[in-house]
Amino acid sequence: SVGQCESGRAGTHSHLCSSLRAIYGTDKIRNALHGSDCFTAAEREISFIFPNTTIEPFPSRQAAENYLSKFVNPTLLKALTQLCKLKPTNPVIWLADWLFANNPNRPVVQEGIVELPTECGF
């Protein structure tokens with residue numbers, strides 16, 4: 001874990017003695033690393049340090065679940081069903097190969113024309 005903001009305090013609690021700040025930090029100013037308190041603070045701090053960076057919106061839990069249900073689950077269901085039917089010797093390699101070959105987001109190339117998949121959109 002990152003640990004307490006003040007390195008000296010991070011080393012005084014037994015459960016935090018293995019935190020990165022307890023190990024590498026020396027004091028409140030030189031605390032080894034930075035972690036934002038929340039997403040809003042992170043946006044502000046990233047914009048300050050990297051002013052030309054575009055920060056993408058963070059998807060809500062519901063948006064992430066909708067994305068998984070719509071795009072990931074159907075592909076995995078097909079792959080895992082085939083995996084159970086075929087029972088390959090090395091299932092992890094088989095699954096990786098199957099997912100690579102059946103990637104629904106893979107561009108389709110026809111006679112020099114590349115058709116990119118449609119945006120998933122969060």
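Is Thr75 buried or exposed? Thr75 is buried, because its relative accessible area is 15%, and buried means under 20%, exposed over 50% and partly exposed in between, with a 1.4 Å probe and protein chains only.

Before I go on, the basis. This is a predicted model, in which local features need pLDDT of at least 70 and side-chain atom pairs count only at pLDDT 80 or more, while totals for chains, interfaces and linings use all residues. Residues are numbered from 1 along each chain as its sequence is written, and side-chain values use heavy atoms, with hydrogens and water left out.

Back to Thr75. Thr75 sits in helix α4, residues 61-86. Helices are DSSP runs of H or I with at least four residues, strands are runs of E with at least two, and both are numbered from the N terminus. Leaving aside residues up to four places away in sequence, Thr75 touches Trp98, Leu99, Asn102 and Pro104; contact means heavy atoms within 4.5 Å.

Asn103 belongs to the loop between α5 (91-101) and β1 (108-110). With a relative accessible area of 33%, Asn103 is partly exposed. Asn103 and Thr75 are 28 residues apart along the chain, and 7.9 Å separates their C-alpha atoms.

Next, the two helices. The axes of α4 and α5 come within 10 Å and cross at roughly 140 degrees. Axes here are lines fitted to C-alpha atoms, for helices over the stretch in contact, and angles run from 0 to 180 degrees between N-to-C directions. That angle makes α4 oblique to α5: under 35 degrees counts as roughly parallel, over 145 as roughly antiparallel, 65 to 115 as roughly perpendicular, and the rest as oblique.

Which residues meet? On the α4 side they are Thr75, Leu76, Lys78, Ala79, Leu80, Gln82, Leu83 and Leu86, and on the α5 side Pro91, Trp94, Leu95, Trp98 and Leu99. By class, this contact of α4 with α5 has 10 nonpolar, two polar and one charged residues. Ala, Val, Leu, Ile, Met, Phe, Trp, Tyr, Cys and Pro count as nonpolar, Asp, Glu, Lys and Arg as charged, and the others, Gly among them, as polar.

The loop between α4 and α5 holds Lys87. Lys87 counts as exposed, because its relative accessibility is 65%. Most residues other than glycine have a negative phi. Lys87 is not a glycine, yet has a positive phi of about 45 degrees.

Last, Ser19, in the loop between α1 (7-10) and α2 (20-24). Ser19 counts as buried, at 1% relative accessibility.
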